[in-house]
Amino acid sequence: MSEALLVLEDGRAFRGESYGATGTTVGEAVFSTGMTGYQETLTDPSYHRQVVVMTAPHIGNTGVNDEDDESRRIWVAGFVVRDPARRPANWRSTGTLDAELVAHGVVGISGVDTRALTRHLRDRGAMRVGISTEVLDADALLARVLAAPSMSGADLAPEVTTEAAYVVPAVGEKRYTISALDLGIKAATPRHLAELGVETHVLPATATAAELLAAGPDGVFLSNGPGDPAASDYAVDAVKGVLDARRPLFGICFGNQILGRALGLGTYKLPFGHRGLNQPVLDRVTDSVRVTSQNHGFAVDALLDRATDTPYGRVEVSHVGLNDQVVEGLRCLDVPAFSVQFHPEAAAGPHDAAPLFQRFVDLMEDNRAEA
Ligand SMILES: NC(=O)CC[C@H](N)C(=O)O
């Protein structure tokens, strides 16, 4: 086992062993409390430029398989685990996580006290971090960390989006056609929509409103994605055009933040974000609590107790995080648009939020009836 070093931008250092590829990497340190679903986490484009610390102590137990990737590659900038599985076992497993990280050139570290590291990030906030198997002097690695760009102000969707448009067909009879703005879309999303008879036309992140509306879709979807929503003005402009056209619109995570901005609301950086599979949310539309999968470091700033007037009519906060009262969803009252900050497409789950895809289909159906 070769040695590896992790240094945070405030100077706190952890020593461990090399896990995955060797080399040096820097990114934003964030922690995820998911006990399962590491393959989906690694391949979720929203984690681009982030070094993910897994709080669950045993990672890699089920290996990796050919079915669970959310995109064409691993996006995390680095991976931090406590005690990697020595012998993965699962009926779908086709390889080990360690070998997969090596194949994708992802630098990781194991044997770290991830509990101490997580408590540090929770107390001091998300910050830049470096991991290296070659720069083993803490001051030298710290200098590399301090030279790295910060997540605030980073426009990253164009770095992860599809180069060319593509279509995901409906399963069975096609009942609706939508355009999806790929800000970092996960494979699970069009798959869920397809099950409801939706054909999804996925367009690159910089697609304009005219391009999103060109094929006369029944609705427009805004995906999740990496980076700071305050830096993606092109997507905000595209969404304004879709709202002007009063086309049904549904956004998830980054898409929720972009809808918020298009309505004139602000966004801000959370101290350490929400990442995990057990985040409780109050759904004010159905007056029920949903346990949700989340992965966000930014949030929308909106009034919780009453609707806000916007250039597109009134918007209200439809979902509120029960751990910290953060805005977790928006519902427009005068245009057919809504969004959530969490993940109805979540794999490995939970599935409490999955009915939101049906809510989008219902919105498209209502809009057709009105037309
Ligand atoms: N999963 C996402 O879409 C993340 C959105 C945004 N990059 C954030 O961190 O808040």
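Which residues does C253 touch, not counting residues up to four places away in sequence?

## Contacts of C253

C253 touches S46, N224, N295, H296, Q341 and H343, where two residues are in contact if their C-beta atoms, placed from the backbone, lie within 7 Å. This is a predicted model, in which local features need pLDDT of at least 70 and side-chain atom pairs count only at pLDDT 80 or more, while totals for chains, interfaces and linings use all residues. Residues are numbered from 1 along each chain as its sequence is written.

## The annotated site

Under "active site", an unreviewed UniProt entry lists C253, H343 and E345. These residues span 93 residues in sequence, yet no two of their C-alpha atoms are more than 11.0 Å apart, so they gather at one spot. UniProt positions follow the numbering used here, feature names are shortened, and annotations may be inferred rather than shown by experiment.

C253 counts as buried because it has 28 C-beta neighbours inside 10 Å, and E345 is also buried, with 26 other C-beta atoms within 10 Å; a residue is buried if 20 or more such atoms lie within 10 Å of its own C-beta atom, exposed if 12 or fewer, and partly exposed in between, with C-beta atoms placed from the backbone. Leaving aside neighbours within four places in sequence, E345 is in contact with K186, A188, T189 and H192.

## Around the ligand

The residues that surround the ligand include S46, N224, C253, N295 and H296, a residue being near a molecule if its C-beta atom, placed from the backbone, lies within 6 Å of it.
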